[in-house]
Amino acid sequence: MSTGPDVKATVGDISNDGNLNMAQEECSKKGFCSVRHGLALILQLCNFSIYTQQMNLSIAIPAMVNNTAPPSQPNASTERPSTDSQDYWNETLKEFKAMAPAYDWSPEIQGILLSSLNYGSFLAPIPSGYVAGIFGAKYVVGAGLFISSFLTLFIPLAANAGVALLIFLRIVQGIAQVMVLTGQYSIWVKWAPPLERSQLTTIAGSGSMLGSFIVLLAGGLLCQTIGWPYVFYIFGGIGCACCLLWFPLIYDEPVNHPFISAGEKRYIVCSLAQQDCSPGWSLPIRAMIKSLPLWAILVSYFCEYWLFYTIMAYTPTYISSVLQANLRDSGILSALPFVVGCICIILGGLLADFLLSRKILRLITIRKLFTAIGVLFPSVILVSLPWVRSSHSMTMTFLVLSSAISSFCESGALVNFLDIAPRYTGFLKGLLQVFAHIAGAISPTAAGFFISQDSEFGWRNVFLLSAAVNISGLVFYLIFGRADVQDWAKEQTFTHL
């Protein structure tokens, strides 16, 4: 990774050419064929792989557990088909249907296994983001992707070896996945021109929705046809294949990339010339604690991820209980909001950058407007869900609309940290991930409490609480949110502890 003086010298040389406008015109003609958009697509595939690996055990565990077996040892297994064949499946599939082990895991053990992925997640984001900011994201993200994907391949063996080994493997996996989700944002500090920041980050981030969609859609089908181990083999293999693209094609800075054109390199470096993006070993912790714009983003992350994790955890349950759908149909219906959300994330990023590049709206106006749209409309829609539960089509329409509109937040508060402190992007993303994980630990538990207390009004209370939390975060962000680089993020002014 180049040092700060090296980068500044390069910027100076290129800036003196006075060819920024020419470079902008040349790169605008390239469109999505540019190297930076190729990088966004590779990151999209990385996020796709990570999210499939996050959710694969949730999809496979119903097939892994032998509910008919008598109580025995916690890891006792029997050989049986992963699930009974449905009447409509072709007879040929029955011949190739793999025999997979089934385990006598109690609900308590299943809960521990499902949550073990997050046991190390609270500690990993800040160190991962900090290291990625100092040494570059290429090896931090690449290592995390390879470790998580490689360990995914061994989950069936670990399940056979014992619950303790499987829990340990999942903890290590969770830490590796945090390295990917946190470290990748350090790349955009050197690669994303300010006028394209929203579209590039949202293209990459849409891989999370796409991965959730594919797992929900294909996971149950794989378990029914060829056996649950192949859920881990296939998605782990996709992640390993992604590593073959990552290491040779990804570079931390455009000036070092061997395949980038001179025009695109000039455009990126000149567009970032006014930003001080060079990371430092020291952190202005005291100034960060006092920064209300930073707290506005932190509160927004907590509140918006509160709703996200509630929907992520309980959409299949809601569809199954309200629409009375079977397991296969519930998975397909649950996948619909995620695929629509994937598309809308990208469209929202393109729209945000269009408004900024045409100078229709100021950057802070775009961030606040998109956040308001992504919070208010989904909150109203979800609160209205209990009153349309008698109509299956209306219920699914509301769920899809909620996911689609909430994706606007990805171009709002959720990317705002890149605006206020580009030099500390890695560290801040790690800090934000901690707040997101805290919300993810609390919100499903609170939702489960409401649903268990009152089966009739429980869902209404879940949606009301989520809307209240989300709107509270929006109000705080609208008051204190900013989009200009903060004084503590400028080299000449920061003070360290």
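## The largest nonpolar core

In this predicted model, the largest nonpolar core holds 65 residues. The members that touch the most others are Met64, Trp105, Leu113, Ile187, Trp188, Trp228 and Trp246. Helix α3, which covers residues 35-64, gives the most to this core, with 14 residues. The core lies between domain 1 (34-66 + 103-276) and domain 2 (286-496), because both domains give residues to it.

Leaving aside neighbours within four places in sequence, Ile187 is in contact with Leu39, Leu43, Ala137, Trp246, Ile250 and Asp252.

## Another core

## Ser206 in helix α11

Where is Ser206 found? Ser206 is part of helix α11, which spans residues 197-225. Ser206 counts as buried because its relative accessibility is 0%, where the cut-off for buried is under 20%.

The side chain of Ser206 makes a polar contact, at 2.8 Å, with the side chain of Gln44. Beyond neighbours within four places in sequence, the contacts of Ser206 are Gln44, Cys342, Ile345 and Ile346.

## Annotated transmembrane regions

An unreviewed UniProt entry places the feature "transmembrane region" at residues 200-222, 228-251, 292-312, 332-357, 369-388, 394-418, 430-451 and 457-480.

Two of these spans can be described further. Residues 292-312 are 100% helix and 0% strand, with end C-alpha atoms 30 Å apart. Residues 369-388 are 80% helix and 0% strand, and their end C-alpha atoms lie 28 Å apart.

Notes. Residues are numbered from 1 along each chain as its sequence is written. This is a predicted model: local features need pLDDT of at least 70, side-chain atom pairs count only at pLDDT 80 or more; totals for chains, interfaces and linings use all residues. Side-chain values use heavy atoms; hydrogens and water are left out. UniProt positions are given in the numbering used here, feature names are shortened, and annotations may be inferred rather than shown by experiment. Helices (H or I, at least four residues) and strands (E, at least two) are DSSP runs, numbered from the N terminus. Buried means under 20% relative accessible area, exposed over 50%, partly exposed in between (1.4 Å probe, protein chains only). A polar contact is a pair of N or O atoms within 3.5 Å; within protein, one must be able to donate a hydrogen and the other to accept it, and residues adjacent in sequence count only if both atoms are side-chain atoms. Contact means heavy atoms within 4.5 Å. A nonpolar core is a set of buried Ala, Val, Leu, Ile, Met, Phe, Trp, Tyr and Cys residues joined through side-chain atoms within 4.5 Å. Domain bounds come from an automatic or database domain assignment.
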